[in-house]
Amino acid sequence: MKRYILIIVLIISAVSGYSQVEPLWIQDTSFVRELYIMRNKFQSLSFTGYIQVQYQYADTQGISSFNGGDFFKGSDNRFMIRRGRFRLDYDRKTAEGYYRYNFALQFDGTERGVNIRDMFGRIYENKWNYFVATVGVFNRPFGYELNLSSSLRESPERGRMSQILMKTERDLGFMVSFEPQDRRKKIYPLKVDAGLFNGQGLTGPGEYDSFKDFIIRASLRRSEIAHNLYLSGGLSYLNGGFMNGSETFYRTSGIPGGGWVFTADRSAENVGKKSPRIYSGADIQLTWENNLGRTNLRGEYIFGTQSATYNTSATPGLPPVNISLNPDSIFIRDFNGAYFYLIHTFLKRHQFFIKYDWYDPNIKVKGSEITASNNFGPADVRYDTFGAGYTFYMNDNLKFVLYYDHPVNEKSGIQGLADDLHDDTYTFRMQFRF
């Protein structure tokens, strides 16, 4: 029986390959019609995934690292599954080939466990084919690096700033986009995304206050601006925050005669107030196709206000509630940061790249001004990171990456950070994708 069903399905596949119209003989046979419908449904279903296995060596045992996470105390080398992604997509299109709707579900599995990375649905407008609504767990539409897939990115990890400000790239929310589907339209290169999100990403157990993050990004999709020269880029803005569970805000204030100090603003009215997170950013990507291969220049700059705690400038996954000077108090800092890539691909399979990024979590204080006596801590220290790597694409499914990461912290008045730390890492990664 199974053999006959298989033969019927193959016949249906062969016939439908020549026509978009349902054959008349299909319409007259209910059993075969059901098989035909089933085949069309599963034709809209796709499975993709990748696994990244890597070996790393660090300068010092037990270092803190944004290149794959901190090393355990007593260890200066490790094997790890950095990412193991499996994604399911289901979409349907109109007769003209425009998207009608899409559903995506993605899991990430490593030796540390399995987590959901994406779970969203998209509904497209098909009168003008300009608009789309997205709801669920998906990438926040801020900047370029956050939305570039880890399987496609040249360096093993996103920059320090991206990892701190958006501890997980994804969040739960709703987004409306202006995203033309017809490439023939002059307006096609323009894309605008605007959405509301919980704010803490996937770092906490769920939304713990009534505040939401509003994010908007206007971007130019890849366009040829000269012969073999392509440009893309965008402007991003985030306005949000989270609830202060205490009576205290700490703000950087000037000292008479010069210098800075974190001062406490204590008031019963501060309980329940918003701890602000306001970011602005701009990014650009240039691609030049030339006789020596393909050269890419990529950069992004972000500045704004970040609320966090004493020991870290990362957005808390849970609301801080204590009122004394400790890791759970709210500290408001003005920051800036950027990253730059220079990438050259040659002979189609070989790629060299260099990367530089910086993150200054508190732009008002520098170097020796950062002292514990003025209530500053490790979260106020600037880092500049230099990286270089080589990628070999063995085929469409397999690639190997060699990468060197050299972070440089500014010399501060904080104990343990008076000199540059020995925290370089060397990464060898193998990635298989399908």
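In which loop is the place of Leu-347? Leu-347 is found in the loop between strand 14 and strand 15, where helices (H or I, at least four residues) and strands (E, at least two) are DSSP runs numbered from the N terminus. The model is a predicted one, in which local features need pLDDT of at least 70 and side-chain atom pairs count only at pLDDT 80 or more, whereas totals for chains, interfaces and linings use all residues. Residues are numbered from 1 along each chain as its sequence is written, and side-chain values use heavy atoms, with hydrogens and water left out. Leu-347 counts as exposed, at 67% relative accessibility; residues are termed buried under 20% relative accessible area, exposed over 50% and partly exposed in between (1.4 Å probe, protein chains only). A separation of 8.1 Å lies between the C-alpha atoms of Leu-347 and Leu-292, which are 55 residues apart along the chain.

The protein comprises four helices and 18 strands. Of its 434 residues, 46% count as buried. Among contacts (heavy atoms within 4.5 Å) between residues at least 6 apart in sequence, 62% join residues at least 24 apart. The accessible surface comes to about 22100 Å², and carbon and sulfur atoms account for 61% of this area.

Strand pairing was examined for strands 12 to 14, two strands being paired if DSSP finds at least two bridges between them. Strand 12 (residues 274-290) runs antiparallel to strand 13 and is joined to it by 13 bridges. These two strands form a hairpin with two residues between them, and Thr-287 stands opposite Asn-296 in strand 13. Strand 13 also pairs with strand 14 in the antiparallel sense, over 15 bridges. In this pairing, Gly-304 stands opposite Phe-335 in strand 14.

Across the whole structure, 25 salt bridges were found, each defined as a side-chain nitrogen of Lys or Arg within 4 Å of a carboxyl oxygen of Asp or Glu. One of them connects Glu-179 and Arg-122, with the closest N and O atoms 3.1 Å apart. Because Glu-179 lies in the loop between strand 6 (170-178) and strand 7 (190-197) and Arg-122 in strand 4 (residues 113-124), this pair ties together parts that are 57 residues apart in sequence. Glu-179 is buried, with a relative accessible area of 15%, and Arg-122 is likewise buried, at 14%.

A salt bridge is also formed between Glu-154 and Arg-298, whose closest N and O atoms are 2.8 Å apart. Glu-154 belongs to the loop between strand 5 (131-139) and helix 4 (160-165) and Arg-298 to strand 13 (residues 293-308), so the pair ties together parts 144 residues apart in sequence. Glu-154 counts as buried at 9% relative accessibility, as does Arg-298 at 8%.

Lys-364 and Asp-334 meet through their side chains in a salt bridge of 3.7 Å, N to O. This pair links distant parts of the chain, 30 residues apart: Lys-364 is in the loop between strand 15 (350-360) and strand 16 (383-393), and Asp-334 is in strand 14 (residues 330-346). Lys-364 is partly exposed at 31% relative accessibility, and Asp-334 is partly exposed at 27%. Elsewhere, salt bridges that share partners join Arg-87, Asp-89, Arg-117, Asp-118, Arg-158, Glu-169 and Arg-170 into one network.

Arg-221 is placed in strand 8 (residues 213-226). Arg-221 is buried yet has no salt bridge, the nearest side chain of opposite charge being that of Glu-179, 4.3 Å away. For this assignment, Lys and Arg count as positive and Asp and Glu as negative, while His and the chain ends are not counted. Leaving aside neighbours within four places in sequence, the contacts of Arg-221 include Glu-179, Pro-180, Tyr-188 and Leu-231.

A nonpolar patch on the surface has about 1000 Å² of accessible area together, and its members include Phe-47, Phe-86, Val-114 and Phe-432. Patches are made of residues with over 30% relative accessible area and no salt bridge, like charges being joined within 9 Å and nonpolar side chains (Val, Leu, Ile, Met, Phe, Trp, Tyr) within 5 Å. At least two residues of the nonpolar patch are supplied by each of strand 1 (45-58), strand 3 (99-110), strand 4 and strand 18 (425-433). Phe-86 lies in strand 2 (residues 77-93) and counts as partly exposed, at 38% relative accessibility.

How values were computed:
Areas by Shrake-Rupley, 256 points an atom, 1.4 Å probe, with all protein chains shown as cover.
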